[in-house]
Amino acid sequence: VSLLFALKIKYPQRVVLIRGNHEDPSVNRMYGFLSECVERLGEDAGTRIWEIVNNVFNHMPVACMVADGILCVHGGIGRIKSLWNVRHLPKGETFFDMREDDRPAVQLHAQVLGDLLWSDPAPSD
């Protein structure tokens, strides 16, 4: 992760980092990222670095366009019918701060986000 962040800082116009399903705290904790941070840095510093890195992940885009027409995502497009749905996903942490009365929007965004992060190729793809 540190190398990728450093490359993004050094070459901001040439390196694009997109968020995948493992850039979620519950997933990367389950797969050992928190444990590795604590093992290498100690309990306090390791936990703090894990929190900071996950905060960066929360602000990474889930998709990007490369070369004026190539859509890049971690998972796939799944049931997404239009790029409008991708373009209008809330940015940053606002997705997690949506009010309960916005439930239809939350459900739509959750479906789109789930497809972008988790869709695996199907034999018909």
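Is Cys37 buried or exposed? With a relative accessibility of 7%, Cys37 counts as buried, where buried means under 20% relative accessible area, exposed over 50%, and partly exposed in between (1.4 Å probe, protein chains only). The model is a predicted one, in which local features need pLDDT of at least 70 and side-chain atom pairs count only at pLDDT 80 or more, while totals for chains, interfaces and linings use all residues. Residues are numbered from 1 along each chain as its sequence is written, and side-chain values use heavy atoms, with hydrogens and water left out.

Cysteine pairing comes next. The structure holds 0 disulfides, a disulfide being a pair of cysteine sulfur atoms within 2.5 Å. For Cys64, the closest cysteine sulfur belongs to Cys72 and lies 4.3 Å away, too far for a bond. Cys64 is itself buried, at a relative accessible area of 15%.

Salt bridges can be taken together. A search of the whole structure finds 2 of them, the criterion being a side-chain nitrogen of Lys or Arg within 4 Å of a carboxyl oxygen of Asp or Glu. One joins Glu36 to Arg40, with the closest N and O atoms 3.1 Å apart. These two residues sit 4 positions apart in helix 3 (residues 33-41), so about one helical turn separates them; helices (H or I, at least four residues) and strands (E, at least two) are DSSP runs, numbered from the N terminus. Glu36 is partly exposed at 39%, whereas Arg40 is exposed at 65%. Another salt bridge links Arg48 and Glu51, whose closest N and O atoms are 3.5 Å apart. Here the spacing is 3 residues in helix 4 (residues 43-58), again about one helical turn. Arg48 is partly exposed, at 48% relative accessibility, and Glu51 is partly exposed too, at 38%.

Arg19 is buried yet has no salt bridge, and the nearest side chain of opposite charge, Asp24, is 4.3 Å away. Charges are assigned with Lys and Arg as positive and Asp and Glu as negative; His and the chain ends are not counted. The Arg19 side chain does reach the backbone oxygen of Glu23, at 3.0 Å. Such a polar contact is a pair of N or O atoms within 3.5 Å; within protein, one must be able to donate a hydrogen and the other to accept it, and residues adjacent in sequence count only if both atoms are side-chain atoms. Glu23 is likewise buried without a salt bridge, Arg19 being the nearest side chain of opposite charge at 6.0 Å. A polar atom of the Glu23 side chain lies 2.4 Å from the backbone nitrogen of Gly20.

The loop between strand 1 (63-66) and strand 2 (70-73) contains Ala67, and Asp68 is found in that loop as well. Ala67 has a positive phi near 55° although it is a residue other than glycine, and Asp68, also not a glycine, has a positive phi of about 55°. Ala67 is exposed, at 62%, and Asp68 is exposed at 84%.

Finally, Leu3, Leu4, Leu7 and Tyr11 make a nonpolar surface patch of about 370 Å². Patches are made of residues with over 30% relative accessible area and no salt bridge, like charges being joined within 9 Å and nonpolar side chains (Val, Leu, Ile, Met, Phe, Trp, Tyr) within 5 Å. Accessible areas come from the Shrake-Rupley method with a 1.4 Å probe; for residues, only the protein chains shown count as cover. Leu3 is placed in helix 1 (residues 2-10) and is exposed at 61%.
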